Amino acid sequence: MARSPGTPQNPHGKDTPLRIGLGLAALGRPAYINLGRSSELPVRRDVRTMREATFAVLDAAYAAGVRWIDVARSYGRAEEFLAGWLAERGHADLTVSSKWGYTYVGGWRMDATMHEVKEHSAGVFSRQWTESRSLLGNAINLYQVHSLTVDSPLFTDEALQRALAALSDDGVRVGFSTSGPRQSEVIRRAFELEVAGRPVFSAVQSTWNLLEPSAGPALAEAHAAGNLVLVKETLANGRLVVNPPPAITRLARRYGVGADAVAIAAVLAQPWADTVLIGPSSPQQLAANLAANGVDLPRGELAALRPLAEPPERYWDRRSSLQWQ
């Protein structure tokens with residue numbers, strides 16, 4: 001099972017578990033869809049430079065008390081970078097989650113016509129689990145199906161379900177991430193899957209942010225049932241930061257933080273969110289994100305942010321139009 005994150009000092013000096021985790025989607029490859037990313041990275045994005053940028057963010061995150069790191073096979077060299085950092089630093093108090101189901105095919109090119117290919121099959125799972133384990137060894141606490149959707153063959157592939165369930169016997173928690181306008185349906189359906197009378201999954205990682213909160217009720221149900229809930233894309237791939245809505249800007253001024261801290265604080269305010277993932281591209285972005293720990297939004301302010309929500313179909317259409325940069 002996944003180890004609990006560490007217990008660092010919060011900004012007010014009290015011992016409380018830090019619920020924020022670090023995702024490496026924006027650092028493990030030269031191109032990604034996050035807005036506001038390019039200005040934070042070196043102009044040169046060769047493997048060595050991106051490795052150094054990843055180490056810098058990991059060092060800053062660890063120093064700040066972050067103890068959860070999230071990667072994926074499709075995040076370019078993210079697993080490799082993380083493995084190298086762990087070997088050099090020797091930290092043993094981290095929770096590491098990774099994902100399978102997408103293969104990185106970008107060839108480390110900014111202008112690749114295709115950056116990743118999705119396939120949820122037993123063969124891909126076997127290959128990618130072997131690759132993840134060869135890099136990270138026993139450091140992997142949680143292994144997730146990447147972007148499970150209602151049309152995934154996993155739902156009818158009993159052999160794949162058995163293979164996934166077998167990871168639990170080796171002490172690895174099994175989970176899935178979700179994407180698309182039907183996240184709630186996927187969450188409820190996936191947690192119904194069983195092998196030999198035991199649930200296949202005990203963790204979920206879903207998109208929830210002020211523009212796309214539709215999965216909230218399903219995530220609350222999952223949490224209440226004892227499952228681990230991780231939240232991703234808390235800043236809507238940068239949309240809430242690059243051009244923040246006026247309601248967020250007003251709160252940011254009131255609290256003396258950036259729009260990113262307000263948006264992340266809104267996620268932290270959800271009682272069902274066990275780990276809230278952020279994906280900064282630099283130590284500076286990380287520090288701005290972590291300022292959310294000092295923002296405690298009261299119920300009235302949270303209610304004032306609810307009108308920012310978009311229809312899920314519109315949100316996901318917009319996300320699919322973001323350019324890799």
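Salt bridges come to 20 across the whole structure, which is a predicted model. One of them pairs arginine 48 with glutamate 52, with 3.4 Å between the closest N and O atoms. Both residues sit in helix 1 (residues 47-64), and because they are 4 residues apart there, about one helical turn separates them.

Turning to helix packing, helix 2 (residues 78-89) and helix 3 (residues 122-136) have axes that come within 9 Å and cross at roughly 25°. An angle under 35 degrees counts as roughly parallel, so that is how helix 2 and helix 3 run relative to each other. On the helix 2 side, the contact is made by Glu79, Glu80, Leu82, Ala83 and Leu86, while helix 3 brings in Ser132, Leu135 and Leu136. Sorted by class, the residues of this contact are 5 nonpolar, 1 polar and 2 charged.

Then there is the largest pocket, with a volume of about 980 Å³. Its lining takes in 45 residues, and those closest to the pocket centre are Tyr32, Ile33, Glu233, Asn237 and Arg319. Several elements each supply at least two residues of the lining: among the strands these are strand 5 (116-118), strand 6 (140-148) and strand 12 (275-278), and among the helices they are helix 7 (239-242), helix 10 (283-290) and helix 12 (312-320).

Methods: Residues numbered from 1 in each chain as written. Predicted model: local features only at pLDDT ≥ 70, side-chain atom pairs only at ≥ 80, totals over all residues. Heavy atoms only, no water. 1 Å grid on protein atoms, 1.4 Å probe; cavity = no way out; pocket = protein on both sides within 12 Å on 5 of 7 lines; lining within 4 Å. Points joined across faces, edges and corners; volume = space filled by probe spheres on them. Axes fitted to C-alpha atoms, helices over the stretch in contact; angles between N-to-C directions. Parallel < 35°, antiparallel > 145°, perpendicular 65-115°, else oblique. Contact = heavy atoms within 4.5 Å. Nonpolar A, V, L, I, M, F, W, Y, C, P; charged D, E, K, R; others polar. Salt bridge = Lys/Arg side-chain N within 4 Å of Asp/Glu carboxyl O.
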